[in-house]
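Please follow the account below with the sequence and the coordinates at hand.

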Amino acid sequence: MKISYNWLKEYVDICLSPQELADRLTNVGLVVADIQPVEDDFCLDIEVTSNRPDCLGIIGVAREVAAAVGGSLHFPETNVVSAHADIFKFINVSVEEPILCPRYTAKVVRHITVAPSPEWMQKRLTCIGLRPVNNIVDVTNYVMMETGQPLHAFDLDRLAEQKIIVRKARIGEEIVAINGARRALFHDMLVIADGRRPVAIAGVMGGAETEVSNSTRNIFLECAEFEQRQVRRTSRALGISSDSSYRFERGIDPEGIDHASQRAVWLINDCAGGEISGGTINISERHETRKITLRMERLHKVLGVEIKRDVAIDILKKLQCNILNNVDKFIDLEVPSFRGDISREIDLIEEVARIYGYNNIPTKTSIDVRGSTKNKVEIVEDTIRQFLIGLGFYEVKTFSIVDTSPLQSVNLWSDKGGIDIANPLRQEESRLRTSLLPSLINTKRYNMHHGTEQIKIFEIAKVYLAGNKLPHEKNCLSILADTDYLTLKGIFESSLVNLGILSECEWITFSEPRLFRDERAARIQMDGMTVGYFGEASQELGFKTLSCLLEVDLDVLIEKSNFIKKYQNLPQYPTVYRDLAVIVNEETPWSSIEKCITDTKIAFLKEVNFFDVYRGKQIPAGKKSIAFNLCFQSPDRTLRSEEVDIELQAIVDSLQRILNVELRKT
Amino acid sequence: MSDKLEEVKRNLQDETKTIITRKDAEQLKIKYLGRKGIVNDLMKLIPALPTEKRAAFGQQVNFLKIEITDIIEEFIKRVSSEAIPKVKTEIFDITLPGKRPLIGKKHPLTQTIDDIKEVFARLGFDVVYGPEVELEYYNFEALNIPSDHPSRTDFDTFYIRDDVLLRSQTSTVQIRIMERQKPPIRIIAPGRVYRPDTVDARHSFMFHQVEGLLVDEGVSFADLKGVLNQFIKTYFGQNIQMRLRPSFFPFTEPSAEVDISCSICGGKGCSVCSYSGWVEILGAGMVDPNVFKAVHYDAEKYTGFAFGMGVERITMLKYGISDIRLFYENDMRFLSQF
Ligand SMILES: [Zn+2]
């Protein structure tokens, strides 16, 4: 809220510069975001938190200043000139919705002269960014800024049938607001109506048809309380907000209504002349005063500092609380009506702390020592990150909300569609992603356009898959690397070893043309479960490099990871190595050869290591030569060459029998 | 037989390692290639072989002889050139740059989260996580933010359905943890949060927060200050000052904004701190009794504090980054700097 420095000084005696004042206000929670000189005045822009509507009037800020700094308060004049006529002769007011409008007061002023408001008033309004209109409108704005209580003046002669009814809107009704906006009204909205139609949206904005104009002679001045949530709902539903709705939403001081009304009438009389009708139309729900007890022990316990009872009482008195008792351990008090935010003991504790000064509370800890252990998610993520950055990979972070293009719609993990946001910022970015790879592809493109041709990147983040009440949020690891197929595959395989995952991966033919090059992609399966997708990037993606893509279910890796290590005795007897090269059909994958060998149940075979595939002159068309190395070892003795030869022969036999291989002479 | 040849070659290679002077090399030459040398001994084996294998073996031995000659001559050349520096034809350039492996990097936001986690781990805080797509209840009602309340204005939110939304704060995790765990509680919860802010240099519709919560018997505002002070001194430096300002969050009371003295200007005032000497880094406060009520904690018995900080903001402050969008563009020229 913007306030004028000179205006503020009218209500509280202070001898602080605007900057000093700003610092003091900031320390009690009213952050001064900006100070601007305006002619011989200063405009202070104060950030008022939503719990402090009492500070949406300059008097409220003055009260805070007095509490924080000291200095006596002066409240403005409201002496009303005595009446000539009876208000009930001119208007009949009824409230049909007492819950939504707990209090409605009105005054009538007749025979006024609408003209520009006095210069001093215009100057103050201009200082805080309000445009002067005429003396009537300016007075209602002035009093609202002074007290925080919104008011509205109607042209009395334009109110049909001399009636004001506070009621719900009827089906089909509409209104043109003062700002020119035409709005259809709905049944759950509260309106101020005359005998025929709505003339104002209660608490939000008046109607254009009954607004005060240069020809207005008689006015009906409304000063009321409207229920907070009702105002907020209506304001949001209609897309109209105003200084008035802003204050009603946050709550006004129910005891300040009469004062504001009298103050406005007094100022109108002063600026525009006229006769004030005797009496006030006053339809009211009774407000109860709030009594709260503050326990000194609790104050100490929550704040961690012993604040003396006298000090606390002094603070609470400065905040206009009415102290009711004088018992050692408690303070019973009555909260002023303008502090609707104080209803519990904890609210009082905050008030005491605030004025006592947060920075005067000691900085100490009495909390006990406690160990903290890393959870498995952290350990796995850290391990993967360290492993990959050690290999020159960069970690990226991309948005979870993506567009609905075919590429971003890739969903490797579920048959169901992605989850859409009902109120996206931009229509084209409205979906929670189902794969990280499209974002990595876009990152690659972005870097291509900015001169980085080669990249190796990864991201650890969630994908969002349709679930029951809430979606299934799957943690994924995705990699895009400018490497060949076997290099990235090897990196993945090593990372599994690094996580202590012993399960074998199966690589099953897979096709997703939006991501992967045809016939060069695989679904990765582990213990019968899909754990990821891998392949060479599709040529359609327009990369100038050979790139590979991988997306893995990190939750499975976390579950299968194992960091418990146990020492194994070092082998005491030497390993015997034998190389073998076999010629097979192109269709025969390495995995079949490997499986055939391991299925042969060889007693001393320890490892089978692929090392080469060869196609060339000596190999017939449609065939390939695959070379690999076999390691034999016995735990309890040195193997004799003949023993190994027998085992090797058994392997060759089953390869020939099952896969029909041909041994390649070397 | 070819095994035998391999063995000879291996032995030679071992022995060349002992060559220091020209004399050593000459002796080795005699040992292998001399009249009574090893190669000649191999030749003598030929007549004993079956006729069909003689030619092949002879060829292999000849080939070995050439290889050995080359190896030894190379050593003779080397040791003599070391002894008598002549005109060098090739000079080893020790100043050529090394072959540097690429260095990968964690994303700067991950680095910040890791640093924060580490400081709080030392203070006994465990790391926990919660869902990003949340029930409205956890984002609002349980955190003492009723519907149609003006405080909701501060929390504009992406919705999936009426009662399902993208969390706008990591405070949601507080509730989920307290619902299933009794005090004492000491956690931090890092993660992504979402708010429909128009993207500019200071705003992003997605960003990261770290939430902290400590609940136990006898926890006070002074403890909150103590813990945050520990964090600030450890993370930002021992000479950094902390300041608390009263503020309002529906889920804490008393609530505070926590500022630190500006490290750029040392508190004198500069553009980073808007000439105030202070920069805001986190929000904090004592857990509101209504929050305890929502998770069925006895608010008389237990007290606690919570705090939340923006990871982007802290990272930007630490490195002097002025545009939040850089974090999500993932330009290698940006990422490589951290
Ligand atoms: Zn600064």
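B:His296 is placed in the loop between helix H9 (289-294) and strand E10 (302-310) of chain B; helices (H or I, at least four residues) and strands (E, at least two) are DSSP runs, numbered from the N terminus. Although B:His296 is not a glycine, it has a positive phi of about 60°. At 67% relative accessibility, B:His296 counts as exposed, where exposed means over 50% relative accessible area, buried under 20% and partly exposed in between (1.4 Å probe, protein chains only). This is a predicted model, in which local features need pLDDT of at least 70 and side-chain atom pairs count only at pLDDT 80 or more, while totals for chains, interfaces and linings use all residues. Residues are numbered from 1 along each chain as its sequence is written, chains are lettered from A and ligands numbered from 1 in the order in which they are written, and side-chain values use heavy atoms, with hydrogens and water left out.

Chain A also holds a non-glycine residue with a positive phi: A:His111, at about 60°. A:His111 is found in the loop between strand E5 (103-110) and helix H4 (119-127) of chain A. With a relative accessible area of 37%, A:His111 is partly exposed.

Cis peptide bonds are the next topic. In chain B, one joins B:Pro183 and B:Pro184, with omega about 0°. B:Pro184 belongs to the loop between helix H7 (172-180) and strand E5 (185-194) of chain B. Another cis peptide bond joins B:Glu253 and B:Pro254, with omega about -5°; B:Pro254 is in strand E8 (residues 252-261) of chain B.

The zinc ion has its protein donors in chain B. They are the SG atoms of B:Cys262, B:Cys265, B:Cys270 and B:Cys273, lying 2.2 to 2.3 Å from the ion. Donors are N, O and S atoms within 2.8 Å of the metal (3.2 Å for Na, K and Ca), and water is not among the atoms, so sites may look incomplete. The spacing of the donor residues in sequence is C-x2-C-x4-C-x2-C. Why is the arrangement tetrahedral? The four donor atoms subtend angles of 104 to 113° around the zinc ion, which makes it so; four donors count as tetrahedral if all angles lie between 85 and 135 degrees. The ideal angle for four tetrahedral donors is 109.5 degrees. Both B:Cys262 and B:Cys265 are buried.

In chain A, an open sheet of three strands has the order E1-E3-E2, with antiparallel pairing; two strands pair if DSSP finds at least two bridges between them. Strand E1 (2-4) and strand E2 (31-38) of chain A stand at the edges with a single partner strand each, so one side of each has no neighbour in the sheet. From one strand to the next, the twist averages 25°. E1(A) is joined by three bridges to strand E3 (residues 41-47) of chain A, and the two run antiparallel. A:Lys2 has A:Asp45 in E3(A) as its bridge partner.

Helix H2 (residues 18-27) of chain A lies across E2 and E3 of chain A and runs at about 165° to E2(A). Axes are lines fitted to C-alpha atoms, for helices over the stretch in contact, and angles run from 0 to 180 degrees between N-to-C directions. A:Arg24 is in helix H2 of chain A and, at 37% relative accessibility, counts as partly exposed. Not counting residues up to four places away in sequence, A:Arg24 touches A:Leu16, A:Ala68 and A:Val69; contact means heavy atoms within 4.5 Å.

A:Arg354 is buried, with a relative accessible area of 4%. Its contacts, leaving aside neighbours within four places in sequence, include A:Asn27, A:Glu64 and, from chain B, B:Pro246.

Further along chain A, strands E10 (residues 190-193) and E11 (residues 198-201) run antiparallel and are joined by three bridges. They form a hairpin with four residues between them. E11(A) and strand E12 (residues 205-206) of chain A pair in the antiparallel sense over two bridges. Three residues lie between E11(A) and E12(A) in their hairpin, and A:Gly203 in the turn has a positive phi of about 80°.

Technical notes. Tetrahedral: all angles 85-135°; square planar, octahedral: opposite > 155°, others 65-115°.
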